[in-house]
Each structure stands twice: as C-alpha cells, then as structure tokens.
Amino acid sequence: MLLGLISRSTNSCWRRLFHSRSTFHDHQKMKINLIPLLQDNYGYLIIDESSNKGAVVDAVTPDVVLKAVQDVGVEVNQVLTTHHHWDHAGGNAELDTKKPGMTFYGGDDRIPAMTHKVRHNETFNIGSLRVTCYETPCHTTGHVCYFVEGEGADPAVFTGDTLFAGGCGKFFEGTGPQMYHALIEVLSALPDHTRVYCGHEYTAQSLKFAKHVEPDNPAVRDMIEDTGKKRGAGLPTIPTTIGLEKEYNPFMRVAEASVLKFAGCSDPVEAMGILRAAKDKFRG
C-alpha cells in the first residue's frame, strides 16, 4: 500500500515538473539521453561509450542538462545548437558561464555563445563518434541538423525544428522548395534505420493532420495508437526513424499519389508549400 502511494506520488511529482519522462536509448556504442525541457521541448545528451565523452543538443535549461551530465558521469565539452530560437539556444550564455571552455556549434550568427559556425557537410567528432552537419534552412535561415554515427553505433539525427515525428517546422524564414530540399533531398537520403531526435513533443497534433491528409494510411493509424499509449504513460514519442517517417509523415511523402491528391497538384515541391499552409490553418 505504502509503495503504491509512493509510486503515485513520484508519478505526480515528475508530471508537475516535466512534460515527459527522461529516457535513455541504446545505439550500441552510443547512448542518447532524451531530456524533457520547458513545456514541450527536448534536449539531448549524446554519449560515446568508448571514450566516455559526450555532447549536449539544444540545452535551453542549463541546470537540468548539467544535472543529467553529472548523473551519467560523462565528460562534456561540446554543445550542438540546431537554430537560434530562444527555446533551443536560449540557455547557451548561461551554460557557457556555468561550464566555461566548451565549444558551441551552430549555423547562425544569432546563436548566443557560438564559437564554431558550421557549414554543410562539415564533420567533427564526439570522442569516436562522427558528426556531419547538414544545413536545412527554412524554419530559420541558419538551421542545422546533426547526423551522428560511429563504427558499431546505430546512427541518429538531431533535427531540431526541421523534421518532427509526423510533421515539420513552420516556414518562418524560408520556402516550400527549401523544406523540400531539407526533408526529401537531405534527411530522406539518410539510412532508413537512422533514429530521429527532434526538438519538440508535437507528435499527437502532427498525426491529427497526417490523418486528415491520408485518412486511409494504416501507418498513420498505427502511429496514432502507439502515440496514445506512450503519452498516456508519460513517455516521449521520440525517437522515430527516417524509415518510419517516410511511411506516415505527409511532409516526407509529398511524392505519394494520396498526398498529391490532397494538395491538388502534381508537383511534390509545390505540394510541400500547400501542405504547410494547410497545416498552419488546421484546427483538427
């Protein structure tokens, strides 16, 4: 009885503090600690198990992220920022003060504390892991996705607000052709088993729109069911994979006949912009 009360009390406590449970994901020789932040953001701790070195991604709440680093006991000297928006980069200056000497990577001069501006296809290492930077302008002009791989490690990509589970980011500073390039020509070209770690817990709402676009797509129905179970348990719906996104994410499926029919056009590039405009107005 007492154990049950403690369990319910603990569950209630974390729900008041965070929108999801923090989780660890095994990539063989790499581990990813998913860290819930703010109202619906995710930050990440990347761990290279062979060297015990790591990096953090979009560490908007420094105290929470540094506590995660301390709990794991990993050496972290690198910060990867996907874009300049405050809910991704807003903790950089404080993080730099609390842990001086780290390298801050990013692709936009508006990113606070940035010490290394990356370019498309530039690579660097986190221990034995290799990071490839992909410029994906549209949500912001300086948005970057980070693809992480290593010998014997299953790959991961950190997509910020470019690719979400079941959706994509708003075109605040870009166009449909730019998002087409980012999603179809860049991210879709990654191996299908690449796990996708995005910037927000938007999956449930994104899937409502996916169902609106493709009501007969069984992959959308399956993902809606899986998402309901995970969110009911307080678990994140992240990560997904590139392969799965190609099955149910309408923004990754703009060349499919069913999506083109919804868009009312025959050009996948044009369909990307039509889909985003429809999503912006969608209230389902």
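**Exercise 1. In which sense do strands E11 and E14 pair, and over how many bridges?**

*Solution.* 
Step 1: Begin with the words. A strand here is a DSSP run of E with at least two residues, a helix is a run of H or I with at least four, and both are numbered from the N terminus. Two strands pair if DSSP finds at least two bridges between them.

Step 2: Look at the two strands. E11 and E14 are parallel partners, joined by four bridges. In this pairing, alanine 156 faces arginine 195 of E14.

Step 3: Keep in mind what you are looking at. The model is predicted, so local features need pLDDT of at least 70 and side-chain atom pairs count only at pLDDT 80 or more, while totals for chains, interfaces and linings use all residues. Residues are numbered from 1 along each chain as its sequence is written, and side-chain values use heavy atoms, with hydrogens and water left out.

**Exercise 2. Which strand pairs with E11 in the antiparallel sense?**

*Solution.* 
Step 1: Strand E10 (residues 144-150) is the antiparallel partner, with four bridges to E11.

Step 2: Find a facing pair of residues. Glycine 150 lies opposite alanine 153 of E11.

Step 3: Now look at the turn. E10 and E11 form a hairpin with two residues between the strands, and glycine 152 has a positive phi there, near 80°.

**Exercise 3. Is strand E11 largely enclosed or left open by the rest of the structure?**

*Solution.* 
Step 1: Using a 1.4 Å probe and protein chains only, a residue is buried under 20% relative accessible area, exposed over 50%, and partly exposed in between.

Step 2: Apply the scale. Strand E11 covers residues 153-160, and seven of these eight residues are buried, so the strand is largely enclosed by the rest of the structure.

**Exercise 4. In what order do the six strands of the open sheet from E8 to E15 stand?**

*Solution.* 
Step 1: Read across the sheet: E8-E9-E10-E11-E14-E15, with mixed pairing.

Step 2: Check the edges. E8 (123-126) and E15 (240-241) each have a single partner strand, so one side of each has no neighbour in the sheet.

Step 3: E15 runs antiparallel to E14 (residues 195-198), and two bridges join them. Across this pair, valine 196 is opposite threonine 240 of E15.

**Exercise 5. Which strands stand at the edges of the seven-stranded sheet?**

*Solution.* 
Step 1: Write down the order. This open sheet runs E1-E2-E3-E4-E5-E6-E7, and its pairing is mixed.

Step 2: E1 (23-26) and E7 (116-117) are the edge strands; each has a single partner, so one side is left without a neighbour in the sheet.

Step 3: E3 (residues 41-48) and E4 (residues 53-57) are antiparallel over five bridges, and isoleucine 47 faces glycine 54 of E4.

**Exercise 6. Which residues touch the most other members of the largest nonpolar core?**

*Solution.* 
Step 1: Define the core: a set of buried Ala, Val, Leu, Ile, Met, Phe, Trp, Tyr and Cys residues joined through side-chain atoms within 4.5 Å.

Step 2: The largest core has 33 residues, and Tyr44, Ile46, Leu80, Phe124, Tyr146 and Phe158 touch the most other members.

Step 3: Follow one of them. Beyond its neighbours within four places in sequence, tyrosine 146 contacts residues including Leu80, Tyr105, Phe124, Val131, Cys133, Ala156 and Phe158.

**Exercise 7. Is lysine 261 buried or exposed?**

*Solution.* 
Step 1: Locate lysine 261 in helix H9 (residues 257-263).

Step 2: Lysine 261 has a relative accessible area of 72% and is therefore exposed.

Step 3: Lysine 261 and alanine 271 are 10 residues apart along the chain, and their C-alpha atoms are separated by 9.4 Å.

Definitions and conventions: Contact means heavy atoms within 4.5 Å.
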